[in-house]
Amino acid sequence: LGIVLVAINPYEQLPIYEQDVIYTYSGQNMGDMDPHIFAVAEEAYKQMARDEKNQSIIVSGESGAGKTVSAKYAMRFFATVGGSASETNIEAKVLASSPIMEAIGNAKTTRNDNSSRFGKYIQIGFDKRYHIIGANMRTYLLEKSRVVFQAEYERNYHIFYQLCASSSLPEFKDLGLSKCWHTPVLWW
């Protein structure tokens, strides 16, 4: 059993995730500060170092709740307190795969224009000094029904529309996409 943090997506940028806030939470004990994703990340980081055991942070919620953004903030916290933010920029390398993953696994739903239709499992590796040395991201539970059917006012995966928009490019000639242009493409 562990800590539970209930967060609400304000749907706007707030100054509560800045670098100085990371340093405010770093080294603090759980409960000494206001509830925050950085407090949860600090507790997991501290327990990993103290007990030398793997830790897990589960980010759960419904569409549009801000799960992906919360995971990014936790990774930024680890990169900063682990001293690797400026050294190797592992966070940027891990998150660089996000647009590709989103194109393949995200779709417009009635509740969210860029909704993940899959789960993500991100495993972050640390060295003996507790600096981030790498990460592995896996996806699971892809919503396969969206490939052949979309509810009214929803769309297929973004990659479908991106492929259709690129159908005139020579490298896409052999894919037979010339007749898929039946739905206008909305970019966001």
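Glu52 is found in the loop between α2 and α3, where helices (H or I, at least four residues) and strands (E, at least two) are DSSP runs numbered from the N terminus. With a relative accessible area of 64%, Glu52 is exposed; the cut-offs are under 20% for buried, over 50% for exposed and in between for partly exposed, with a 1.4 Å probe and protein chains only. Leaving aside residues up to four places away in sequence, Glu52 touches Gln47 and Tyr130, a contact being heavy atoms within 4.5 Å. The C-alpha atoms of Glu52 and Lys128 are separated by 9.6 Å, although the two residues are 76 residues apart along the chain.

The model is predicted, so local features need pLDDT of at least 70 and side-chain atom pairs count only at pLDDT 80 or more, while totals for chains, interfaces and linings use all residues. Residues are numbered from 1 along each chain as its sequence is written, and side-chain values use heavy atoms, with hydrogens and water left out.

**The chain as a whole**

The protein chain has six helices and four strands. Read from the N terminus, the order of its elements is α-α-α-α-α-β-β-β-β-α. Of its 188 residues, 31% are buried. Among contacts with a separation of 6 or more, 51% are between residues 24 or more positions apart. The accessible surface is about 12500 Å², and carbon and sulfur atoms account for 55% of that surface; accessible areas come from the Shrake-Rupley method with a 1.4 Å probe, and for residues only the protein chains shown count as cover.

**The nonpolar core**

A nonpolar core is a set of buried Ala, Val, Leu, Ile, Met, Phe, Trp, Tyr and Cys residues joined through side-chain atoms within 4.5 Å. The largest one has 15 residues, of which Tyr25, Ile37, Phe38, Ala41, Ala74, Phe77 and Phe78 touch the most other members. At least two residues of this core come from each of α1 (19–25), α2 (37–51) and α3 (67–81). Helix α2 gives the most, with six residues. Phe78 touches Ala41, Tyr45, Ile57, Ile124, Phe126 and Ile132, not counting residues up to four places away in sequence.

The buried residues of α6 include His158, Tyr161 and Cys164. Seen down the axis of α6, its buried residues fall within an arc of 130 degrees, so they line one face of the helix; the arc is that of the directions from the helix axis to the C-beta atoms. The cover over the buried residues of α6 includes α5 and β1 (106–107).

Ile100 lies in α5, which spans residues 98–105. This residue is exposed, at 56% relative accessibility. Together with Ile104 and Ile159, Ile100 forms a nonpolar patch on the surface, with about 260 Å² of accessible area for the three together. Patches are made of residues with over 30% relative accessible area and no salt bridge, like charges being joined within 9 Å and nonpolar side chains (Val, Leu, Ile, Met, Phe, Trp, Tyr) within 5 Å.

**Salt bridges**

A salt bridge is a side-chain nitrogen of Lys or Arg within 4 Å of a carboxyl oxygen of Asp or Glu. The whole structure has four salt bridges, including those in the table.

| Pair | Closest N and O atoms |
|---|---|
| Arg50 and Asp51 | 3.1 Å |
| Asp113 and Lys108 | 3.8 Å |

Asp113 is partly exposed at 39% relative accessibility, whereas Lys108 is buried at 19%. Asp127 counts as partly exposed at 21%, and Arg129 as exposed at 57%.

**Two tyrosines with positive phi**

Tyr130, one of the residues that Glu52 touches, is in the loop between β3 (119–126) and β4 (132–140). Its phi is near 65 degrees, a positive value in a residue other than glycine. Tyr130 is partly exposed, with a relative accessible area of 22%.

Tyr153 is in the loop between β4 and α6 (158–165). Phi of Tyr153 is near 70 degrees, again a positive value in a residue other than glycine. Tyr153 is exposed, at 65% relative accessibility.
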